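I opened this entry to keep track of what I looked up in one chain. The notes follow the order in which I went through it.

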Amino acid sequence: GGGGGGGGGGDPVPSSRSLKAVSLRGSICVSLLTLPRPSLSLGRVGYTDGWRDATFSFDLHNESAVPTACRFTSLPPEVEVLSAADDAAGGAGGGGGGGG
């Protein structure tokens with residue numbers, strides 16, 4: 001004879017499936033920084049003002065419920081970013097130079 005089927009000394013096969021429901025609750029926070037104004041005017045810069053450094057600042061508003069951090073990427077080499085500590089200590093001017 002041929003053997004076909006189950007039976008024997010193995011683990012029994014469940015005859016019904018069960019589903020376990022788990023209650024899960026959580027929260028998520030996404031960092032969001034915004035600029036209060038959509039543009040920033042530097043005035044006349046370059047040849048007109050003798051290629052002097054143009055220093056400027058802008059505020060970022062943290063819209064999220066937790067502290068957040070930011071960084072600048074892909075800035076041209078003429079742009080120098082100063083921290084608030086540099087500004088308070090009278091650090092070097094931001095902005096570019098160049099000229100010719």
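Fold first. Read along the sequence, I get the pattern β-β-α, from two strands and one helix in the chain. Helices here are DSSP runs of H or I with at least four residues, strands are runs of E with at least two, and both are numbered from the N terminus.

Basis of the entry. The model is predicted, so I note that local features need pLDDT of at least 70 and side-chain atom pairs count only at pLDDT 80 or more, while totals for chains, interfaces and linings use all residues. Residues are numbered from 1 along each chain as its sequence is written, and side-chain values use heavy atoms, with hydrogens and water left out.

Burial and surface. I looked up how much of the chain is buried (under 20% relative accessible area; exposed is over 50%, partly exposed in between; 1.4 Å probe, protein chains only). Buried residues make up 6% of the 100 residues. The accessible surface (Shrake-Rupley method, 1.4 Å probe; for residues, only the protein chains shown count as cover) comes to about 9200 Å², and 53% of that belongs to carbon and sulfur atoms.

Contacts. I took a contact as heavy atoms within 4.5 Å. Of the contacts between residues at least 6 apart in sequence, 62% join residues at least 24 apart.

Loop between S1 and S2. Trp51 sits between strand S1 (33-34) and strand S2 (61-62). Trp51 is not a glycine, yet its phi is positive, about 60°. I list Trp51 as partly exposed because its relative accessibility is 40%.

Asp49 is also placed in the loop between S1 and S2. I checked its charge partners, counting Lys and Arg as positive, Asp and Glu as negative, and leaving out His and the chain ends. Asp49 is buried and has no salt bridge; Arg52, the nearest side chain of opposite charge, is 4.5 Å away. A salt bridge needs a side-chain nitrogen of Lys or Arg within 4 Å of a carboxyl oxygen of Asp or Glu. A polar atom of the Asp49 side chain lies 3.0 Å from the backbone nitrogen of Gly46.

Leu42 is found in the loop between S1 and S2, and counts as partly exposed because its relative accessibility is 39%.

Loop between S2 and H1. Ser74 lies between S2 and helix H1 (84-88). Ser74 has a positive phi of about 55° without being a glycine. At 77% relative accessibility, Ser74 goes down as exposed.

Notes:
Polar contact = N/O pair within 3.5 Å; in protein donor to acceptor, adjacent residues only side chain to side chain.
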